[in-house]
Amino acid sequence: MPSFPLLEAIFIFLLSGVRPSHPLQEVHVSRETIGKISAASKMIQCSAAVDVLFLIDGSYSVGKGSFERSKHFAVTVCDALDIGPERVRVGALQFGSVPRLEFPLDSFSSPREVKANMKSMVFKGGRTETGLALKYLLRKGFPGGRNASVPQILIVVTDGRSQGHVAPPAKQLKERGVTVFAVGVRFPRWEELHALASEPREQHVLMAEQVEDATNGLLSTLSKSDICTVASPDCQVQPHPCERKTLETVRELVGSALCWRGSRGTDAVLVALCPFSSWKRVVLTHPATCYRTTCPERTEITSSRGNHTQLLSACDSQPCQNGGTCVPEGLDRYHCLCPPAFGGEANCAPKLSPECRIDVLFLLASSAGTTLEGFLRAKAFVKRFVQASLGEDSRARVGVARYSGELMVAVPVGEYQDVPDLLRSLDGIPFGGGATLTGGALRQAAERGFGSAARTGQDRPRRVVVLLTESPSQDDVAGPARRARARELLLLGVGTEAVRAELEEITGSPERVLVYAGPHDLFRQTRELQGKLCSRPPPGCQARSLDLVFALDASASVGPENFARMQSFVRSCALRFDVNPDVTQVGLVVYGGQVRVAFGLDTHATRAAVLRAVSQAPYLGGVGSAGTALLHIHDRVMTVQRGARPGVPKAVVVLTGGLGAEDAAVPVRKLRNNGVSVLVVGVGPVLREALRRLAGPRDSLLHVATYADLRHHQDALIQWICGEAKQPVNLCKPSPCMHEGTCILQNGSYRCECQDGWQGPHCGKRSLRGDAPKARGSRRDPSQQLPRSEHPGR
C-alpha cells in the first residue's frame, strides 16, 4: 500500500486547475512605428453606406472591467465612422446567457448620440452564449439595418470562451455575406476567435485591450474595400510580424514514483512506477502577421469633418493668393507660381511691413478637448503664417507656447531669427492632452510668455498673443483676459464657431476674432491675421454713462440665420462699452409674432453676462411689428421702474429688414419726445420710404446691404451712440415719477408731485391716512439719481 502522504499529494494534484492568464498581441516594430500606427488610426475615415453592428460579450467570464474596455474600443471605432442615416449606421447588442438589443442600427443619426448610448450600456452578466447570439442574428438579421442592400459588418468583442458551439452559426452568417471581426478581450481563446472571424483570419482577429492598435487593424482591413479610405497615398497598409501570447499553466513530467495499480487476485497487490508531473506557468506564443496602416511622420495638415479626420496635401488649403498657382512638393511642401506683380513673395502675398514692430506669441491649445488633430492643425497654421509673413527685413518676432493644464513656452519670442530654424523648432512641439485651462494659460502668458523679449519704454514693440483653440475653457477666462489687456497686450483669437463667444470675451471685440469652418478655411485666415496684427481699432466711448436698448427683428421675414448674424453684431457692439450699473446698462428686446424682453436694463451687471444673454435670445418667427416693439420699450423697458436711470442719456437701436416697420413712425416720435434717441438700422431691400419716416431730425437711419455686412458698419453705429451720449439730458424725460406723478424741473434738479394716495421721492410709496394732501411735492437732488461715476466732485 502506498503511504498516506503520497495519496494526499495525488489528491491535491487532481484538484489543481489551469489558471487563466493574461494574453498579449504584440506587433514587432520599432517604437517610432508604433507611434505612427497610433496616429494613423485617427487618419482613416469610413464614409460609405454600411451597417456596423457591435456584438459585445457581457458575460461573467469577461467581467465588468473588460466590458468597459470593450465599450471604449467600440467608441474609438465610431470616431472613424461617418455616421448618418444614408451612410454608416451603427447598432449594438450585448449577450450573456441571452442576447439583448441595446439599440438598433436606425436609432441614432449622429456620432454623438451613438457614442453616448454606447457608453451608457450596463454590464449584464450571465453565461457566455456566443452561439445563441449568432443564431439570434441569423433569425432576425441586423436590427434596424438595410436588409443586406449595403455591406454588413459584425464586430464580435468576446473572450472566446463560449459555452456552446460558435463555428456553425458563424459560418452561416459569413455565407450570407456578413464580414465578421473577432476582437478578443481579457483572456481570449484564440482558436474560437479564428472560428468566428472572416477570411483572411489574420486580418479579422484583433485584441481590444490595445485599443489604438486594434482600431488601426480593423480600419486597415476595411480600407482594402470601398468602405473606408486611407486619407493619403503616402499612408499605406503594410504587414508586420506579430505574436499573440498567452500565459498558461502546463504539465511537465518530472520523474516517476511507486504507486498502487490494483489487484489481479484476491491476495495480490500490484505496485508499479507511475509518472510524476508538476505544473508550470509558461508563455505560449503564436506567430502571426498583423496588417496595419502607417503614415509619414510629418502629417500635420489635417482636416476634420464631424468626428472624422482626413489628411490633406500641402496645396489643399489653397495657400497661393492673388491668382497664384500652387505646385505640391510632397506631403507638406509646396511652391507658388505667382503673377508678375507678386513675384518673389511667398504665397504670392506681401510680407508684414517693416514698420509693423510686433512680438507675437502663438498660444496653442494642446488639451484632450482640442484633440491631436486640432493641435496639428494649429501648428500647421503657425508654420504657414511664418512662411507667408516673415521676410528678411521683417521686424516681427515670433514665439510659440502650448497649454492644457499648464503653459509651456516651446519657442521663446525672438529666439529664432532664421525662418527655417523656426519651422524646425515647431516640428518638435509635442501634444499634451489633459484639461483645457485657457484662463490659466492667459495669466501665465501675460506674466512670462514674452520673457527677455519684453522690452520697456518707447523701444518696446507691440505685444500680441494669438490664441488658437477649438475647445471651450474649463476655467474662468474673463478675469485673466482683462488683466492681460491691462498689461497692454493685444489678444487675438482663432477658433471654430463653438468657441466664438468665448474668444470674443477674451479678446474684447469680435473684430479681434477669426472663426473658421474647416481646415481649408483656417489656412485662408493668414492674410486677415496679418492685417489684425498691425491695425489699431478705433476707441469707443466706454467712459460715458448710457442706457442702451437693442430691438431685433426676429420675424419670419428675417429667418434664423440672419437673426444669428444680428446677435453676433449686438455682441460686437456690447464689447465696446463698459457694462456695469454705474456706466452703461444694456437691454435687449426681440419681436416677431410677439414682443419679448430678452433682458432688461438692470438685469445684467457685467459685460460677460450681457454677451451670454444676447446669445440666448430666442428667435420668434411670425409677422413682426416694429411699432408694437417700440411701444413696448417705451412703456415697459425705458422706465425708472425697470431700471432706467434719471439724468442718463438713453438710446434705442432697432435692427430690421424693413417689413413691419410701417407702423413705427408714431412710437418712434413718442420715444424721442420722451428723451430717448432712436437709430433704425435697415438691412437688405428694405422699404426705404417707411424707414425714412423713422429717421428723425438728425437723420438717424443706417442702411446695410446684407446681414453679413453688419460688421462693417459697427464703427458708424458706435459713433452715433457716442454722439447721442453727449447730447443734453432732460432730467424729467423719461419721467422718473411713478403712478402718474408729475416731474417738475427746478434749479438744476427735479421734483415729483404725486397723485393722491402716493408719496416718496418718485411717488413709489403708498401714503397712509393723515399723510400729506394731494400733489405734495418731493424735491430730488439729481446727484442722488446719477450713477456714482457722475456725482459732483468724483
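## Aromatic pairs

Six aromatic pairs occur in this predicted model, where rings of Phe, Tyr and Trp (its six-membered ring) pair if their centres lie within 6.5 Å, and planes under 30 degrees apart count as stacked, over 60 as edge-to-face and the rest as tilted. The rings of Y60 and F123 are edge-to-face, because their centres are 6.4 Å apart and their planes stand at 65 degrees. This pair connects distant parts of the chain, 63 residues apart: Y60 belongs to the loop between β3 (50-57) and α3 (63-78), and F123 to the loop between α4 (111-119) and α5 (130-140). Helices (H or I, at least four residues) and strands (E, at least two) are DSSP runs, numbered from the N terminus. Y60 has a relative accessible area of 61% and is exposed; the classes are buried under 20%, exposed over 50% and partly exposed in between (1.4 Å probe, protein chains only). Y60, F67 and F123 are linked into a cluster by ring pairs.

The pair of F563 and Y619 is tilted, because the ring centres are 5.8 Å apart and the planes are at 50 degrees. F563 is buried at a relative accessible area of 2%, whereas Y619 is partly exposed at 31%. Leaving aside neighbours within four places in sequence, F563 is in contact (heavy atoms within 4.5 Å) with L552, D553, A554, V558, V590, A617, P618 and Y619.

## A charge over a ring

The charged end of R463 sits over the ring of F450, at 5.6 Å from the ring centre. The criterion is that NZ of Lys or CZ of Arg is within 6 Å of the ring centre and within 35 degrees of the ring normal.

R463 is also one of the residues touched by L490, together with R462, V464, V465, R512, K532 and L533, not counting residues up to four places away in sequence. L490 lies in strand β20 (residues 489-495) and is buried, with 9% relative accessibility. L490 and K532 are 42 residues apart along the chain, and their C-alpha atoms are separated by 9.8 Å.

## Nonpolar cores

The largest nonpolar core comprises 40 residues, and F550, V653, L655, V681 and L710 have the most contacts inside it. Such a core is a set of buried Ala, Val, Leu, Ile, Met, Phe, Trp, Tyr and Cys residues joined through side-chain atoms within 4.5 Å. Two or more residues each come from β22 (546-553), α16, β23 (584-591), α17, β25 (650-656), β26 (676-683), β27 (701-704) and α21 (714-725).

L655 touches F550, A551, L552, D553, M566, F569, Y591, V681 and L710, residues up to four places away in sequence being left out. Apart from this core lies another, of 38 residues, including V88, L206, L219 and I227.

## Helix packing

Helices α9 (residues 371-389) and α10 (residues 419-427) pack at an angle of about 180 degrees, with their axes 10 Å apart. Axes are lines fitted to C-alpha atoms, for helices over the stretch in contact, and angles run from 0 to 180 degrees between N-to-C directions. α9 and α10 are therefore roughly antiparallel to each other; angles under 35 degrees count as roughly parallel, over 145 as roughly antiparallel, 65 to 115 as roughly perpendicular and the rest as oblique. K379, V382, K383, V386 and Q387 of α9 make the contact with V419, L422, L423, L426 and D427 of α10.

For α3 and α4 the angle is about 175 degrees and the axes are 9 Å apart, and the two helices are therefore roughly antiparallel. K71, A74, V75 and C78 of α3 meet V114, K115, M118 and K119 of α4.

The buried residues of α5 are T130, G131, A133, L134, Y136, L137 and L138. Their cover includes β3, β4 (88-95), β5 (99-103), β6 (152-158), α6 (167-175) and α7 (190-196). Just after α5, G141 adopts a positive phi of about 75 degrees.

## Whole chain and basis

The protein chain has 21 helices and 32 strands, and 52% of its 794 residues count as buried. Of the contacts between residues at least 6 apart in sequence, 74% join residues at least 24 apart.

Residues are numbered from 1 along each chain as its sequence is written, and side-chain values use heavy atoms, with hydrogens and water left out. As this is a predicted model, local features need pLDDT of at least 70 and side-chain atom pairs count only at pLDDT 80 or more, while totals for chains, interfaces and linings use all residues.
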